[in-house]
Amino acid sequence: MVRILIVALCCLAPLAVVADDVLAQVRLGLRERPPLGGEFSEARHFPFRREPVLLTGDVNYLPGRGLLLHYRAPDDRIVALSPGGLLTGSEDDLARRSPPAHMAALQAVFELDVDTLERSYTIKFEGTVEDWILTLDRPPAPIRAGRRPAGDMPHTITVRGTGAVIRQIEIVRPGAIRVVVEMEDMQPLEPDAVSRSEAMLTP
């Protein structure tokens, strides 16, 4: 039995090393990529609805500076998430507020900030540089004395990517709410688009 266990551990160790090396390459690619923009769809699945609520819009991502979501449908709304905080509202009337837990987690996900994420989640990375999946698991907080657990921290986040581009983020939030964000046609942003995004993301 001991011999079998030693052999199994020896087989698993190289796999873990390979996964860490691939993750390091993906993170390096994310840090070095230019600002990207594209289209996104966001499907919000609620346990009390048969069909998901679908939102669509444009996404701009500036590495190290933040994430800008411009919802076009069903309503026109902007969400600008940066290290300085969260701005929401219309383009002409943005209001600053503290980001909810699931939005703060989203920023760390876009950076693949493992040091921040591992404080709250167990991390599993698999795949290759060209096709990878990052899974973050957080046990649901226990309900004590009939009280709902505080906070809105997602229970599970699954990120799928190709190279240095994140393609899909699936978030399972408290209350069995599931949000699936798909990003398409992510391309380098033009300089004027970068400037407009920076203006919204700068505190």
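Q: Which residue forms a salt bridge with Arg-65, and how far apart are the closest N and O atoms?

A: Side chains of opposite charge can pair when their charged atoms come close. Here Arg-65 forms a salt bridge (a side-chain nitrogen of Lys or Arg within 4 Å of a carboxyl oxygen of Asp or Glu) with Glu-198, and the closest N and O atoms are 2.1 Å apart. This pair links distant parts of the chain, since Arg-65 lies in the loop between strand E2 (53-62) and strand E3 (66-73) while Glu-198 belongs to helix H4 (residues 191-201), 133 residues away; helices (H or I, at least four residues) and strands (E, at least two) are DSSP runs numbered from the N terminus. The model is predicted, with local features requiring pLDDT of at least 70 and side-chain atom pairs pLDDT 80 or more, whereas totals for chains, interfaces and linings use all residues. Residues are numbered from 1 along each chain as its sequence is written, and side-chain values use heavy atoms, leaving out hydrogens and water.

Q: How many salt bridges are there by this rule, and is Glu-42 buried or exposed?

A: The count comes to 5 salt bridges. One of them joins Glu-42 to Arg-44 at 2.6 Å between the closest N and O atoms. Glu-42 is buried, with a relative accessible area of 6%, and Arg-44 is partly exposed at 25%, where buried means under 20% relative accessible area, exposed over 50% and partly exposed in between (1.4 Å probe, protein chains only).

Q: Which residues of H4 are buried?

A: An α-helix has 3.6 residues a turn, so residues three or four places apart point the same way. In H4, the buried residues are Ala-193, Val-194, Ser-197, Met-200 and Leu-201. They cover an arc of only 125° around the axis, which puts them on the same side of H4; the arc is that of the directions from the helix axis to the C-beta atoms. The face turned away from this buried side carries the exposed residues Pro-191 and Ala-199.

Q: What are the distance and angle for the rings of Tyr-61 and Phe-110?

A: A pair of aromatic rings is described by the distance of the centres and the angle of the planes. The structure holds 4 aromatic pairs, counted when the centres of Phe, Tyr or Trp rings (for Trp, the six-membered ring) lie within 6.5 Å, with planes under 30 degrees apart called stacked, over 60 edge-to-face and the rest tilted. The rings of Tyr-61 and Phe-110 have centres 5.1 Å apart and planes at 35°, so this pair is tilted. Both Tyr-61 and Phe-110 are buried.
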